[in-house]
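Take a moment to look over the chain before reading on. We will walk through it one feature at a time.

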Amino acid sequence: MKKFFLLLFIGFLVVVLAACGSSEENDQTSSDEGNESGESEQTLLEQIQESGELVIGTEGTYRPYTFHDENDKLTGFDVEIAREVADRLGVKPVFNETKWDSMFAGLNAERFDMVANQVGITEERQEEYSFSNPYIQSSAVIVTHKDNESIGSFEDLEGVNAAQSMTSNYADIARENGAEITSVEGFNESMQLLATKRVEATVNDRLSVLDYLNNREEAPVKIAARQDDASQSGLLFRQGNEDLVKAVNEALQEMKDDGTYLEISEKWFGEDVSK
């Protein structure tokens, strides 16, 4: 009887030790697999460098920042800045075009790594996103139909119907001054509604409006008022990717130091728009 219990006890120990060994082997295998994949260890910058591509969200319809030329090639100030940044990171720029109001959702959903589309740096956005250092400054202007003489200041927007992209900082300026917002998909639609007098005004970027007027002299619109303070725009990122933001800031600074930024700026605006 004693031998029976002894044999039973020894058998029990063998089973327990075998189970522990199997568990340790599984844990080790799982750990090794995780280390081999490296996915949990890589930062976004490392993933970009490994893939060789920087995916950039942009509209492609907002001249002169991001638009298609007569050969249907994506070009513009922001596009050239983003291409130069990608080149200095040692990767290929891949542009993913989308509507303005879908851009933030696309960034959140990781459809792209960075947004280059004249995104104004605001306190509200900084609570949810990370920005590069400012790479351009421009003031807001009110645009009206050329026949409209009732709007000459931002205070005159009270009760006025203004065409705006709903999530833009220019829409915020219009709201703050009492305007009633008509939602549009982008700049060009705003101008079309103004030209046909379906809205009374739009608040937008001065440089973009000047480019529009220079290229469409027949357009029946005008700049009715301009803000004194210039707003700053930056390249946009999801939070938690500080190494990528740092690398982009370094690339932007290098561009300014070696004259590349000024060359791009003068090509599109005839002046240094970083100041």
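Is glutamate 123 buried or exposed? Glutamate 123 is exposed, because its relative accessible area is 66%, and the cut-off for exposed is over 50%. Keep in mind that this is a predicted model. Glutamate 123 sits in helix H5, which covers residues 123-126. It also belongs to a group. Together, Glu123, Glu124, Glu127 and Glu128 form a negative surface patch.

Now turn to the strands. Strand E11 spans residues 221-238. Strand E5, residues 114-120, is joined to E11 by 3 bridges, and the two run antiparallel. Within this pairing, valine 115 stands opposite leucine 236 of E11. Strand E6, residues 129-131, is also antiparallel to E11 and is joined to it by 3 bridges. Here phenylalanine 131 has leucine 236 in E11 as its bridge partner.

E11 has another partner to find. Strand E7, residues 136-145, pairs with E11 over 9 bridges, again in the antiparallel sense. Look for isoleucine 136 in E7.

Next come the loops. Which peptide bond is cis? The bond that joins arginine 63 and proline 64 is cis, with omega about 5 degrees. Proline 64 lies in the loop between strand E1 (53-58) and strand E2 (67-68).

Some backbone angles deserve a look too. Glutamate 110 is not a glycine, yet its phi is positive, near 65 degrees. Glutamate 110 is found in the loop between helix H4 (100-108) and E5. It counts as exposed because its relative accessible area is 59%. Lysine 197 also has a positive phi without being a glycine, at about 60 degrees. Its loop runs between helix H7 (187-195) and strand E10 (201-205). Lysine 197 has a relative accessibility of 53%, so it counts as exposed.

Now for charges. Side chains of opposite charge can pair when their charged atoms come close. How many salt bridges does a search of the whole structure find? The search finds 10.

Go back to arginine 63. Its side chain forms a salt bridge with aspartate 211, and the closest N and O atoms are 2.7 Å apart. This pair links distant parts of the chain, since arginine 63 is in the loop between E1 and E2, while aspartate 211 is in helix H8 (residues 206-215), 148 residues apart. How covered are the two partners? Arginine 63 is partly exposed, with a relative accessible area of 29%. Aspartate 211 has a value of 15%, so it counts as buried; the cut-off for buried is under 20%.

A second salt bridge joins aspartate 258 and arginine 88, with the closest N and O atoms 2.9 Å apart. It too links distant parts of the chain. Aspartate 258 lies in the loop between helix H9 (242-257) and helix H10 (260-269), and arginine 88 lies in helix H3 (residues 77-89), 170 residues apart. Both count as partly exposed: aspartate 258 has a relative accessibility of 47%, and arginine 88 has 25%.

Aspartate 172 and arginine 175 meet at 2.9 Å, N to O. Both lie in helix H6 (residues 169-176), 3 residues apart, which is about one turn of the helix. What does that spacing do? An α-helix has 3.6 residues a turn, so residues three or four places apart point the same way. Aspartate 172 is partly exposed at 26% relative accessibility, and arginine 175 is partly exposed at 34%. Elsewhere, salt bridges that share partners join Glu84, Arg88, Glu254 and Asp258 into one network.

Which of its residues are buried? Asn169, Tyr170, Ala171, Ile173 and Ala174 are buried in this helix. Just after H6 comes glycine 178, with a positive phi of about 90 degrees.

Definitions and conventions:
Residues numbered from 1 in each chain as written. Predicted model: local features only at pLDDT ≥ 70, side-chain atom pairs only at ≥ 80, totals over all residues. Heavy atoms only, no water. Patch = residues over 30% accessible without salt bridge, like charges linked within 9 Å, V, L, I, M, F, W, Y side chains within 5 Å. Areas by Shrake-Rupley, 256 points an atom, 1.4 Å probe, with all protein chains shown as cover. Salt bridge = Lys/Arg side-chain N within 4 Å of Asp/Glu carboxyl O. Lys, Arg positive; Asp, Glu negative; His and termini not counted. Charge placed at Lys NZ, Arg CZ, Asp CG, Glu CD. Helix = DSSP H or I, 4+ residues; strand = E, 2+ residues; numbered from the N terminus. Buried < 20%, exposed > 50% of the residue type's maximum accessible area, 1.4 Å probe, protein only. Pairing = 2+ DSSP bridges.
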